[in-house]
Amino acid sequence: ENEPSEGSVVANKLPENEEGEIDKRCHLPTSSSDSYGYYGEDENYYDKKHDEDENYYDDKDYQDPSDNIFLGPCSYNYPSNIAPAEGFLDGIDFYHLRSTIKNLEICFSKCIDVTEKKEIESSWLVQAASIGLTKVSVKLMTQFGYDPAFISIPREEQPEELNAVQAAIRGGHALTVKALTKSNNAMVIDRHGRTVADYINLKGSPIRPAEAKSILGLIVRHDKSTTKKNRDKNVGKDENNSGWSTKTLHTYDHTCNIDILEHEMHRDEFFKEYYSTGRPFVLRGHVPKEEVAAFSKDRWNTKREYNTHERQWQVGPTAYPS
């Protein structure tokens with residue numbers, strides 16, 4: 001994919017129906033168009049809008065005004081649920097895979113144009129990067145000179161504060177990372193001296209190896225660590241006495257591409273290793289014994305629909321067996 005050129009944020013001419021869709025969903029602080037309205041500090045905006053247009057909420061996609069993506073005083077209506085064509089029972093609403101990024105880029109680019117410069121803050125860059133709005137991020141950097149590695153709030157006051165590059169990595173937005181860093185994978189992006197490359201080479205990074213290579217030019221080689229030694233060491237009495245067979249026709253794969261922790265974690269470790277990097281992990285040994293017992297074979301035999309003596313159960317291999 002082509003890297004967005006700096007300052008180039010003007011989209012190609014859209015079909016009229018698509019422009020109308022953006023106008024309907026995009027709300028800006030000021031505009032000559034009647035389809036925009038400012039509600040950033042007006043809690044009653046939607047009630048007023050409903051009074052002005054009784055059909056405003058008739059569309060099922062615009063039912064809940066809380067379903068919005070914000071950038072400063074601007075927002076784009078993005079419902080948390082849209083019924084699939086097959087219905088919710090037979091289809092899936094892929095919230096994060098909807099074709100919306102282009103519309104968000106157009107909406108929030110307009111937002112920057114119509115908002116007074118004194119009202120625009122560096123936090124806008126972090127928010128745009130977290131959504132994966134590459135063109136908007138470039139526009140904020142070039143027009144306002146924002147540093148993508150800058151954190152506006154001191155870590156002593158808010159340790160979970162992230163900069164724009166960290167936010168883009170946490171969201172898995174490789175193109176945005178490339179634009180923010182200007183393809184400099186050696187850019188230091190946290191107070192521990194870690195670089196973009198360091199973040200992406202960590203196990204479970206949201207930037208997957210294929211995108212790391214094709215977009216950022218990074219070859220990711222995760223270590224072949226195994227969970228077998230720790231698993232065998234930590235198999236407890238409760239697991240062995242669960243009544244379930246641990247035999248399988250499948251070959252066990254003890255490699256794991258995310259961290260599995262067997263210890264308590266201090267908040268500083270959590271923020272450094274997982275929150276700021278956006279990496280998932282498994283924390284073992286925190287399920288109460290009573291809850292483990294609830295999944296024993298004998299316990300399930302008390303439920304008629306799950307009586308294990310009456311039929312053979314077919315289950316697939318689990319990703320991280322206990």
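Which residue forms a salt bridge with E262, and how far apart are the closest N and O atoms? In this predicted model, the partner of E262 is R284, and their closest N and O atoms are 3.5 Å apart.

## The E262–R284 pair

E262 counts as partly exposed because its relative accessibility is 31%, a value between the limits of 20% and 50%. R284, with a relative accessible area of 19%, is buried, because buried means under 20%.

## Other salt bridges and their network

Side chains of opposite charge can pair when their charged atoms come close. A search of the whole structure finds nine salt bridges, and one of them joins R194 to E273, with the closest N and O atoms 3.9 Å apart. Because R194 belongs to the loop between α7 (174-181) and α8 (196-200), whereas E273 belongs to helix α12 (residues 267-275), this pair ties together parts that are 79 residues apart in sequence. R194 has a relative accessibility of 12% and therefore counts as buried.

A salt bridge is also formed between R279 and D259, whose closest N and O atoms are 3.3 Å apart. Here, too, distant parts of the chain are linked, with R279 in the loop between α12 and β5 (281-283) and D259 in strand β4 (residues 259-261), 20 residues apart. Both R279 and D259 are buried. Through salt bridges that share partners, D190, R194, D259, K272, E273 and R279 are joined into one network.

## Helix packing around α5

Two packed helices are described by the angle between their axes and the distance between the axes. For α3 and helix α5 (residues 134-144), the axes come within 8 Å and cross at roughly 20°. Because angles under 35 degrees count as roughly parallel, α3 and α5 are roughly parallel to each other, and their crossing is right-handed.

Helix α5 has a further crossing with helix α4 (residues 123-131), where the axes come within 8 Å and cross at roughly 160°. Angles over 145 degrees count as roughly antiparallel, and α4 and α5 are therefore described as roughly antiparallel to each other. The crossing of α4 and α5 is left-handed.

## A nonpolar surface patch

On the surface, I92, F94 and L97 form a nonpolar patch, and together these residues have about 360 Å² of accessible area. One of them, L97, is placed in the loop between β3 (74-77) and α3 (101-114). L97 is exposed because its relative accessible area is 66%, and the exposed class covers values over 50%.

## M187 in the α7–α8 loop

M187 is found in the loop between α7 and α8, and R194 lies in the loop between α7 and α8 as well. With a relative accessibility of 18%, M187 counts as buried. The C-alpha atoms of M187 and A149 are separated by 8.6 Å, although these residues are 38 residues apart along the chain.

Notes. Residues are numbered from 1 along each chain as its sequence is written. This is a predicted model: local features need pLDDT of at least 70, side-chain atom pairs count only at pLDDT 80 or more; totals for chains, interfaces and linings use all residues. Side-chain values use heavy atoms; hydrogens and water are left out. Patches are made of residues with over 30% relative accessible area and no salt bridge: like charges are joined within 9 Å, nonpolar side chains (Val, Leu, Ile, Met, Phe, Trp, Tyr) within 5 Å. Accessible areas come from the Shrake-Rupley method with a 1.4 Å probe; for residues, only the protein chains shown count as cover. A salt bridge is a side-chain nitrogen of Lys or Arg within 4 Å of a carboxyl oxygen of Asp or Glu. Helices (H or I, at least four residues) and strands (E, at least two) are DSSP runs, numbered from the N terminus. Buried means under 20% relative accessible area, exposed over 50%, partly exposed in between (1.4 Å probe, protein chains only). Axes are lines fitted to C-alpha atoms, for helices over the stretch in contact, and angles run from 0 to 180 degrees between N-to-C directions. Angles under 35 degrees count as roughly parallel, over 145 as roughly antiparallel, 65 to 115 as roughly perpendicular and the rest as oblique. A crossing is left-handed if the near helix is turned anticlockwise from the far one by less than a right angle, and right-handed if clockwise.
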